[in-house]
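Here is a short report on how two chains meet. Keep the sequence and the 3D view at hand as you read.

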Protein chains: 2
Amino acid sequence: MFILPNNATIIEVGPRDGLQNESKLVATVDKLRFIKDLQQAGISEMELTSFVSPKWVPQMADAKEIVEKTDCVGRQFVLAPNAMGAELALASGATNVAVFVGVSNSFNQKNINRTTDESMAALEPVISKLKEQGIFVRACISTAFYCPYEGKIEPEDTIALCDRFVKMGADELSVADTIGMANPQESYALFIKLKETFPDVLLTAHFHDTRKMAMANIFATLQAGVNRFDTSAGGLGGCPFAPGATGNVATEDVVHMLDTLGIRTGIDVKKVCEAVANIAQHVSRPIETGMYKLFTNEQL
Amino acid sequence: MFILPNNATIIEVGPRDGLQNESKLVATVDKLRFIKDLQQAGISEMELTSFVSPKWVPQMADAKEIVEKTDCVGRQFVLAPNAMGAELALASGATNVAVFVGVSNSFNQKNINRTTDESMAALEPVISKLKEQGIFVRACISTAFYCPYEGKIEPEDTIALCDRFVKMGADELSVADTIGMANPQESYALFIKLKETFPDVLLTAHFHDTRKMAMANIFATLQAGVNRFDTSAGGLGGCPFAPGATGNVATEDVVHMLDTLGIRTGIDVKKVCEAVANIAQHVSRPIETGMYKLFTNEQL
C-alpha cells in the first residue's frame, strides 16, 4: 500500500486565478459571496484577488474592496505582480501576499516583458519590503515543468529559481504545471527533489488538468509527501493559452479524492459544490467537474 | 522513481459500451467508419458490438453486420449477454467473446433479474461451449469495487467471482469500477491481489471517470504492474446511473499519459481524435476529453 499524508491543505485559487480569467465581469457582491461560501465550506487558505492594474485586468479592479470586506480566516492571499501592487496590497491591510514568476525566460518576456532574471531583480526589493512588514510571502513559480514557447523546462532551473525565492525570504513555494503537460513521473521526481532541497518552506503543488493528468499528478505527489495543493472551485480559470481547454484542477474533485483516501482537509465537498452553483450563474465557462455534475444530478 | 510497464494494451470499448449508451441511433455505416478509424489509429483490441436483444437495445440491432464488415485486426470482441447471444456471436464468425457479471447481487438483480450465483450458473455452459469452439473469452466483472445499491464491495467477493471465471476457462478478466467510486489506493490494492492470485490470465483494468479519479487509478494500477486498460474514444458511454456524469475514461487521454510516461501502446493520439471528430457528429453526448479539446483547438 501507499504511504500518504494524513492531512492536506487546499489553497483555493478560484476567486483570483479563476475569476481573473473570466471574460464576463463579475459583480463585487457575487465575488464576496463566492469567497464567503468557500470559507464556510471549510477552506482556510485562499487567493482572494490581485492588485494588478485595472487597465489590464478590469475583473480585479475591486481588489481593495474584496480584501476589506473579507473575513480573515486562516491565510487569505492577494497577488502583487510588482512594487505598485505590493504597496496597494499593504495599504489594503493584506497580511499574505503572493508573487509570480515563470522559470521560462520566453514566458516571462511574453507576459511581463522581462526576462526571468529581470523579474527576480525587480521582485527582490518587493519581497524584502513585504518581509520587513511581517507579511507571509507565497512565491508562485509558473512553467515549472513545461513552457508553451520553450518546451521542457529542466528541473535544475526550477530548483534554482525556487532557491532564489527561498533566499529572499519566501515562506511558501507554489510550483505550477502552468500548461498541464507534466506527467505523474515528472511531478513525483520534481517534488521529491524540492522537498529534499527546501525542507523548511511550505511546498505546494499547482496542477492544471489540460491533459487530464492533474489528479494522477496529485496522487503521485502525495506519494512524494506533498500535502498542499492549489485548486479552483468548479475548475474555474487556468491557462489562457488553450481556449476551451481545462485549466485548474477542481477543488471539489481533489477534496473528494483526498476524503476517500482518508486524508483530512476539513473541507465539505457538498458545500464547495453549493459555492460553485452560486458563482456558476455569473461566469461564462461551463462547469464540467465530476463532483459538481453529481451534485447537480442530486447524487451527492 | 516509479517502476512502470514498458508496454500497455488499450482495449477500446467505444463502439460497444460507448454507443450502447447513446440515445441517438447511429447508422451502421457510421459505426463501421468509427471502428475502422480506431483500427487505423493503431487500436488492436476492441469491443465491437453486443448480441443483445434488439428489443432491449435497438442501437445494437446491427451486431451481425458490424462483425461481418469489420476487418479482423488483433482481438475484436463481441458481447454475449446470454446463451442466445453466444449462439448469434458464434454464427457471426466472432472469435473473441465478452461476457458480463456484476459482483453485487443487487446490481445483477436490477439489471438482469438474476442473483450473482444464478448469473454464473447460466454463464457456465455458455463459456464451456465457447471454449470448446476455441473462442477467447473475456470475463467482464462489473461493480468490482462499489455497487450503486450495496455500497462497498469486499475485495474477497470480487476475487472469488474472478476465480469462478478463471476455473470456467476465461482468458481475460476485465475488472471494472462501474460507478467510478474507487480511489487509487483501493485500485492498487485490488489489482496487486488479482495479479498475485491469477498470474496466468490477462488482467485488464476498467475505470470510469465519474469522480475524476480514473487517471489516478490508472497510474496507481500501472504501479501494480497492470498493463491492459479498457478505455473509450471520446469518453463515450459509461454508467447510465448518473445522467450527464462522466463515464468511461477516454482513450485519447489515457494513451497520451502512457505516451508521456514512455509506455508504448502503438496508438496515435491524433488519429484517435480524428476518429472521435467523425463519430461526434452522430452522437448526442458532448465530448469533454482533454486531448480532444486540444485537437479541436488545433493545439495537438
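## A bridge across the interface

The side chains of B:K293 and A:E288 form a salt bridge, at 2.6 Å from N to O. A salt bridge here is a side-chain nitrogen of Lys or Arg within 4 Å of a carboxyl oxygen of Asp or Glu. By that rule, two salt bridges cross the interface of chain B and chain A.

This is a predicted model: local features need pLDDT of at least 70, side-chain atom pairs count only at pLDDT 80 or more, and totals for chains, interfaces and linings use all residues. Residues are numbered from 1 along each chain as its sequence is written, chains are lettered from A in the order in which they are written, and side-chain values use heavy atoms, without hydrogens and water.

## Two copies, one rotation

A rotation of 180° with 0.0 Å of shift along its axis places chain B on chain A, with an RMSD of 0.0 Å (least squares on C-alpha atoms of residues with pLDDT of at least 70 in both copies). The two copies are thus related as by a two-fold rotation axis. Which residue of chain B comes closest to the rotation axis? B:A216 does, with its C-alpha at 1.9 Å.

## The contact surface

Chain B gives 36 residues to the contact, and chain A gives 36 residues (contact means heavy atoms within 4.5 Å). Together the chains bury about 3,200 Å², 61% of it on carbon and sulfur atoms. Buried area is the accessible area (1.4 Å probe) that two parts lose on being put together, summed over both. B:F2, B:Q185 and B:K212 supply 19% of the area that chain B buries against chain A, more than any other three residues.
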